[in-house]
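Please read the following report alongside the sequence and the coordinates.

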Amino acid sequence: MNNVTSFSIDHTKLLPGVYVSRKDDADGCIITTFDIRIKHPNTEPPIEISAIHTLEHLIAVYLRSEKSGIADKVIYVGPMGCRTGMYIIFKGDMTSADVLPYIIKAFEYTRDFEGDVPAATPSQCGNYLDHNLTFAKYEAKKYLNETLYVIKEENMTYPL
Ligand SMILES: [Zn+2]
């Protein structure tokens, strides 16, 4: 398990931000895993389960849509089990600054979303009743205002 980079980070010092979690060589193609850290771990409450589920649906749908401008590079979008953030994996050797504009647009899409949560149906989702759009929008707005719109170097570089 010692090759899981994020386990070696002191999570008590980890601020909300956008971090490169790891880079992997997938048969000659570099893929970059981003730590989209929405909450300060072990310091503030994690994201409510139904809210992070809705965030997963909306962020994934947006990033995989043509309007995101980066759909062809998205490999994976998913919530962290600790519910303090999400992992997003892109093709390519990327930095936090490279993906920040796309992450901002995805959270703005979530903040402003109205209507039915995409793919929240029994045939498309494993727990389709467990969504909370109101709380997902609240979390997206808070992350934008308190972290993404005012991001500093310390929110893009893992603490030593
Ligand atoms: Zn689902």
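## Helix packing

A crossing is called left-handed if the near helix is turned anticlockwise from the far one by less than a right angle, and right-handed if clockwise. In this predicted model, local features need pLDDT of at least 70 and side-chain atom pairs count only at pLDDT 80 or more, while totals for chains, interfaces and linings use all residues. Residues are numbered from 1 along each chain as its sequence is written, and side-chain values use heavy atoms, with hydrogens and water left out.

The crossing of helix 2 and helix 3 is left-handed, helices being DSSP runs (H or I, at least four residues) numbered from the N terminus. On the helix 2 side I104, F107, E108, T110 and R111 meet A136, K137, A140, K141, Y143 and L144 of helix 3, where contact means heavy atoms within 4.5 Å. These contact residues of helix 2 and helix 3 divide into 6 nonpolar, 1 polar and 4 charged (Ala, Val, Leu, Ile, Met, Phe, Trp, Tyr, Cys and Pro count as nonpolar, Asp, Glu, Lys and Arg as charged, and the others, Gly among them, as polar).

## A buried glutamate

E139 lies in helix 3, which covers residues 133-146. With 9% relative accessibility, E139 counts as buried, that is, under 20% relative accessible area, with exposed over 50% and partly exposed in between (1.4 Å probe, protein chains only). Apart from its neighbours within four places in sequence, E139 is in contact with K39, I47 and L55.

Conventions. Helices (H or I, at least four residues) and strands (E, at least two) are DSSP runs, numbered from the N terminus.
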